[in-house]
Amino acid sequence: METASRFAVGLTGGIGCGKTTVADLFAARGAAVIDTDQIAHSLTAPHGAAMPALIEEFGPDYATPDGALDRAKMRALAFSDPSARARLEGILHPRIREATAAAALLADGPYTIFVVPLLIESGTWRERVARVLAIDCSEETQVARVMARNGMAEDQVRAIMAAQVTRARRLEEAHDVILNDAGIDALLPQVERLHRFYLDEAARLTMPPSQRL
């Protein structure tokens, strides 16, 4: 996917950090937001485009009666069997890339934000965006949010967190960081500051090279 002609930001963060909340705040300010998690969900929704391949690979037991991916069952398999996780990713990731590229071509707004939970882990997204924005919060906050939101047990949440890059690594890779421990009132000024910065960067990218500082 080419993003060189358009200023793009990769938004990432661990589970429960509030990526969707922050992305929605940028969208409200006019940014074009493309969420790879939403794309993945559409691919694995009832009769989604990835479902025939997933059923062929893993069997009909991994589909719900309405034809969607049984996410809880697949999650349990993927975390217990690395080879199954690799097979799952082999089916989903190319389709996510294709759908993301198609969405990027249609994106409107002064700049694009790609929401990519596994941006650091993927190894390829870093070259596709101008800046990496990490949404950060304490691990205790992550666990509490996911338990409340998804009804998972603490050990399940921590297993997912353990499969992602560490908080320290994510912060080290990021150009920009938004702290999301203290609620919406604390988020708003952080988002506004970065939105204005991204607008400036997007405008600068449209200038002739001789005029860029």
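**Entry 1: a glycine to start with**

Is G14 buried or exposed? I looked it up in this predicted model, and G14 is buried, because its relative accessible area is 0%, where buried means under 20%. I then checked where G14 sits, and found it in the loop between strand 1 and helix 1 (19-28).

Next I asked which residues G14 touches, leaving out those up to four places away in sequence. My list reads K19, Q142, Q164 and R170. I also took a C-alpha to C-alpha distance from G14 to A32: the two are 18 residues apart in sequence and 22 Å apart in space.

I moved on to strand 4, which covers residues 131-136. How many of its six residues are buried? I counted six of six, and noted the strand as mostly covered. Then I sorted its side chains by direction. R131, L133 and I135 point one way, while V132, A134 and D136 point the other way. Both sets are buried, and I noted that R131 and D136 are on the list.

Which strands does strand 4 pair with? I found strand 1 (residues 8-12), in the parallel sense over four bridges. Within that pairing, G10 has V132 of strand 4 as its bridge partner. I also found strand 5 (residues 176-179), paired with strand 4 in the parallel sense, again over four bridges. There I wrote down D136, whose bridge partner in strand 5 is L179.

**Entry 2: stepping back to the whole protein**

I counted ten helices and five strands. The radius of gyration is 18 Å, close to the 17 Å that the globule rule gives for 213 residues, so I put the protein down as being as compact as a globular protein of that length. Along the principal axes, I read a C-alpha trace spanning about 60 × 35 × 25 Å.

What share of the 213 residues is buried? My answer is 43%. For contacts with a separation of 6 or more, I noted that 73% come from residues 24 or more positions apart.

Conventions
Residues are numbered from 1 along each chain as its sequence is written. This is a predicted model: local features need pLDDT of at least 70, side-chain atom pairs count only at pLDDT 80 or more; totals for chains, interfaces and linings use all residues. Side-chain values use heavy atoms; hydrogens and water are left out. Helices (H or I, at least four residues) and strands (E, at least two) are DSSP runs, numbered from the N terminus. The radius of gyration is taken over C-alpha atoms; the globule rule is 2.2 Å times the number of residues to the power 0.38. Buried means under 20% relative accessible area, exposed over 50%, partly exposed in between (1.4 Å probe, protein chains only). Contact means heavy atoms within 4.5 Å. Two strands pair if DSSP finds at least two bridges between them.
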